[in-house]
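Hi there,

Here is the structure I promised to pass on to you.

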Amino acid sequence: MMSEASATRPAALETPSGKGAGDENFPVGSLLLPAGLRPHVKAFYAFVRAADDVADNPALAAADKVARLARFGAALSGPAEQAQALPKAAALRASLEATGVSPQHALDLLAAFTQDATKLRYRDWEDLLGYCALSARPVGRYLLDLHGEPKALYALSDPLCDALQVLNHLQDCRDDYRALDRVYLPLDRFAAAAIGVEELDRPSASPALRRVLDDTLDGVARLVTAADDLPRALASRRLAAESAIILAIAHRLLRELRRRDPLATRVELGRVAFAGCALRGLASAVWPARRQPRSQPRAELPR
């Protein structure tokens, strides 16, 4: 457990993994977004990345992770002087004040990371989606709010974020189990296949585990389908282009995980595949939008 004195030092709070925006499945603060908004997206990502690295650090005890993440939350939403221990929180606080976006999205993500420290299994699909409500949906909601889009569009961004999260769980299912004893695949799927989670430690997926993976991918496919109308519903054409690319990435990862074994190899998109998704996404984004009424537009923010 950290001492109170050491916890005031940023180096004592953070445990950088070396991961960055380039390691994500989706573009973070890309050039597609308005230049005036990109620094805000990067401030949000930097804070979230630092907190996620704490939650995913296998060298930290669960209680230590919970304590550190509580300090992240206090730095973001507590008295301003508490942010002095974490410059990334100070930067995000300034960003949220400038844009008027609620800190709740970042706080929800912190709640997910805190859950990661203590909850290692998910009993069924609904339990897993309950985790995604904290660990994934806030990212899409933050972007919608930052662009002044209607909150009604959460209904389209939520399933896309859920899908991306579960796809990432599928990509990392072996490593999550080996390094952190975490299993994000629904336990009832393992029971239906008459196998245990120890199957994730094999060098390749057995036929029974393949059924678990495919059943989970069926759920992801339903989520992606539910999100397909998001680009056409957005008023911001830049955000529409970004979301269309992300949807194309989700569709491609879904196909790749259907045909490849995430236990035998890292299933990810190479540069050529990623570029293909970008082109398909941009092409789909040029169709006329089905614009919806906007709530509380912020004209001072670039679109």
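**Overall picture and confidence**

Please keep in mind that this is a predicted model. The average pLDDT over the chain is 87, and 81% of the residues reach at least 70. Where pLDDT is low, the predicted coordinates should not be read in detail.

The secondary structure consists of 14 helices and zero strands. Of the 303 residues in the chain, 53% are buried. Arg-238 sits in helix H13 and counts as partly exposed, because its relative accessibility is 39%.

**The nonpolar core**

The largest nonpolar core has 83 residues, and the members that touch the most others are Phe-47, Phe-72, Leu-185, Phe-190, Leu-200 and Val-220. Helix H13 (residues 237-259) supplies the largest share of this core, with 10 residues. In soluble globular proteins, nonpolar side chains tend to be buried together.

Leaving out residues up to four places away in sequence, Phe-190 touches Val-183, Leu-185, Ile-195, Gly-196, Val-197, Leu-200, Leu-209 and Val-212.

Is H7 enclosed or open? Eight of its 10 residues are buried, so H7 is largely enclosed by the rest of the structure. The buried ones are Arg-137, Pro-138, Gly-140, Tyr-142, Leu-143, Leu-144, Asp-145 and Leu-146. Their cover includes helix H2 (38-55), helix H4 (87-99), H5, helix H6 (125-135), helix H8 (154-171) and H13.

The packing of H5 (residues 104-118) on H7 (residues 137-146) is worth a look: the angle is about 170° and the axes are 9 Å apart. Angles over 145 degrees count as roughly antiparallel, so H5 is roughly antiparallel to H7. On the H5 side, the contact involves His-105, Asp-108 and Leu-109, which meet Pro-138, Val-139, Arg-141, Tyr-142 and Asp-145 in H7. By class, this contact has four nonpolar, one polar and three charged residues. Just after H7, Gly-148 takes a positive phi of about 70°.

**Two backbone angles to check**

Most residues other than glycine have a negative phi, and most peptide bonds are trans. Two residues here go the other way on phi. Asp-181 has a phi near 55° and is found in the loop between helix H9 (173-180) and helix H10 (187-192). With a relative accessible area of 33%, Asp-181 is partly exposed. Ala-194 has a phi near 60° and lies in the loop between H10 and helix H11 (207-227). Ala-194 is exposed, as its relative accessible area is 69%.

Notes: Residues numbered from 1 in each chain as written. Predicted model: local features only at pLDDT ≥ 70, side-chain atom pairs only at ≥ 80, totals over all residues. Heavy atoms only, no water. Core = buried A, V, L, I, M, F, W, Y, C linked by side-chain atoms within 4.5 Å. Buried < 20%, exposed > 50% of the residue type's maximum accessible area, 1.4 Å probe, protein only. Helix = DSSP H or I, 4+ residues; strand = E, 2+ residues; numbered from the N terminus. Contact = heavy atoms within 4.5 Å. pLDDT = per-residue confidence, 0-100. Axes fitted to C-alpha atoms, helices over the stretch in contact; angles between N-to-C directions. Parallel < 35°, antiparallel > 145°, perpendicular 65-115°, else oblique. Nonpolar A, V, L, I, M, F, W, Y, C, P; charged D, E, K, R; others polar.
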